[in-house]
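Hi,

Here is the structure I promised to pass on. Have a look first, and my notes follow below.

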Amino acid sequence: MSAPPLNDPGHGLRLLRQMLRVRRFEEKCVELYSAGKIRGFMHLYIGEEAVAVGVMEALREQDAVVATYREHGHALARGVPAGAVMAEMYGKLEGCSRGRGGSMHLFDAGARFYGGNAIVGGGLPLAIGLALADKLRGLDRVTACFFGDGAVAEGEFHETMNLAALWQLPVLFCCENNRYAMGTALERYESETDLALKAASYEMTAWSVDGMDVLAVEEAAQRAAAEVRDGGRPCFLELRTYRFRAHSMYDPDLYRSKEEIESYRQHDPIPALEALLRERGALADADLQALEQAVAGEIQEAVEFAEAGTWEPVEELERFVYWEGEAP
Amino acid sequence: MSAAAPTTTYRDALREAIREALLSDERVFLMGEDVGAYGGCFGVSKGLLAEFGPERIRDTPLSESAFVGAGIGAAMAGMRPIVEVMTVNFCLLALDQIMNNAATITHMSGGQFAVPIVIRMTTGAGRQVAAQHSHSLEGWLAHIPGLKLLAPATLKDARGMLAPALADPNPVLIFEHGSLYNLEGEPPPQAAVDIERAAIHRAGADVSLIAYGGTVRVAAEAAEQLAAAGIGAEVIDLRVLRPLDDATVLESVARTHRAVIVDEGWRSGSLAAEVSARLMESCFYELDAPVQRVCTAEVPMPYARHLEQAALPQPEAVVAAVERMVGARV
């Protein structure tokens, strides 16, 4: 499918800004990881930004998001404040999960962001539950559920696809196919590598999208979200993307060639959109510089916010194991 | 002969509790395998589909992970799902959702999301259904912070535990022992019970028999035999398996100075081991004899009746344990 035309350069600039926020945020995270400020598992989204940014454009405030452990991009694009995300990665009380989740477990009730989930496929059943609640209450809401290609091999994927289609639940399934389940290539673990076809076999509308093209992602997400919203049924997008970095900070990245990575870098969604905007006369060097500066400023503020954050007193270790106070 | 007093069963008490919940709160719905058209594998939800319709009595595919996870998601979104996992054996297929989502999300989100789900399941052996359908895994699940576990052993608890479980903002697992569904007795009051405390099922002064779920009856039968020999056995029904009510147990043992724990789980790493450890930690100097445990033999449950019965905790084994403690023959 060819990319849709860019009708509104202003909107294009917004998409560029969102992708740059995610890219620069994570580049800063790498520095901070090396400096020992961030620890644990950290999975970078670099290369895949067009997916989260494009899909979020199709969501409304009342919609919900269920994400993966590679979810910095989803959180930022959904509107979770960068400072709260960074503070979470520092493990600070001011983090979006009070420092109890870390990189893989970003939550924000206000943004209806139902978490990064570090069990592959673990978020899929949650998403249909959120959607079931909406359906039972007659609420006009969509639940966007992100998961990777690796999740397609999990039983939970198939159970969830079946139940979503059987019960006609308003879920937008966003399969981020970056071609690797950690270090195992798709064709080495799936007998059928057309993931949209798998979803379609559960009687739901499903198609594949160039996940390196933010305009194509947005256009597809708008169409799919409309089908979910208006049709009251699930829809599935396979977003073909690629991560430029290793699986996690511990991954020596031995299972794919430098040439392969380089070939995908040629399709980096950020320079591609920049080029398009320049072509349309909507982006001059000075504009890009200003954009980069604004993004750098936001990230600097996020780092300062995290640095200035506090450590939760150890006396509070056992808080939130059970809900505090009355049932919500 | 006078007219028989009206009786009910454990099964009917459970059903009445579900009915009441569905009638009193529109956020409540029941979902699980065969809860609708079939009426529940053990007949607990018989008639509810006709009364409440398929939106609120939802038959599911055999997809334990998906429908338990869906219940968790619906609970996070403000509903009050009752999810039936048919039996504890099948909850293994949903353990990831129970442990990694239900039990963690409140904490992992820094207290932003509650998970007010109730998950019901049948537990236990004794019906000759062999190794894969006879588990007692309460001890495993009681290991997990973030969950609450209930084990109704009486009609009163079968009737009264669901309402407070649904009102609880945390995930609550309810274990219904398979041998109890036909338990008959006077209809219990239509009243919620507490879900914090253990109960003294039968009072006694000489030894505390600590049990839960299916073993409460085993302990009670042992207490009968001991009474005939002049030994007063107190039967403690734990009722709440997580968090454990230490106070009731410790208070009892501080009076009787002897404790036998009767647990249908395997001995190694069991709830009985946990209770025993707590007694050791908190009332060691009150004990006149080492704490004893009567548990299921450490074998996958065999099919043949005589072998199954030999594997399970029996009143005679409880009596023998007490004899060892008091140094007397009953």
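What radius of gyration would a compact globule with 330 residues have, and what does chain B have? The rule gives a value near 20 Å, and chain B has 20 Å, which agrees. For reference, the radius is taken over C-alpha atoms, and the globule rule is 2.2 Å times the number of residues to the power 0.38.

A word on conventions before the rest. This is a predicted model, in which local features need pLDDT of at least 70 and side-chain atom pairs count only at pLDDT 80 or more, while totals for chains, interfaces and linings use all residues. Residues are numbered from 1 along each chain as its sequence is written, and chains are lettered from A and ligands numbered from 1 in the order in which they are written.

**Chain B**

The C-alpha trace of chain B spans about 60 × 60 × 40 Å along its principal axes. Its secondary structure comes to 13 helices and 14 strands (DSSP runs numbered from the N terminus: H or I of at least four residues for helices, E of at least two for strands). Of the 330 residues in chain B, 57% count as buried, meaning that 20 or more other C-beta atoms, placed from the backbone, lie within 10 Å of the residue's own.

**Where the chains meet**

The contact takes 35 residues from chain A and 37 residues from chain B (C-beta atoms, placed from the backbone, within 7 Å). On the chain A side, α5 (123-137) and α6 (155-166) each supply at least two residues, and α5(A) gives the largest share, 9 residues. That side divides into 20 nonpolar, 9 polar and 6 charged residues (nonpolar: Ala, Val, Leu, Ile, Met, Phe, Trp, Tyr, Cys and Pro; charged: Asp, Glu, Lys and Arg; polar: the others, Gly among them).

**Helix packing in chain A**

The axes of α5(A) and α6(A) come within 8 Å and cross at roughly 15° (lines fitted to C-alpha atoms over the stretch in contact, with angles from 0 to 180 degrees between N-to-C directions). That makes α5(A) roughly parallel to α6(A), a class that covers angles under 35 degrees. Among the residues making this contact are A:Leu124 and A:Ile128 of α5(A) and A:Phe157 and A:Leu163 of α6(A).

Helix α1 (residues 9-34) of chain A packs against α2 (residues 49-56) of chain A at about 135°, with their axes 9 Å apart. The residues of that contact divide into 6 nonpolar, 1 polar and 2 charged.

Best wishes

Terms used:
Two residues are in contact if their C-beta atoms, placed from the backbone, lie within 7 Å. Angles under 35 degrees count as roughly parallel, over 145 as roughly antiparallel, 65 to 115 as roughly perpendicular and the rest as oblique. A residue is buried if 20 or more other C-beta atoms lie within 10 Å of its own, exposed if 12 or fewer, and partly exposed in between; C-beta atoms are placed from the backbone.
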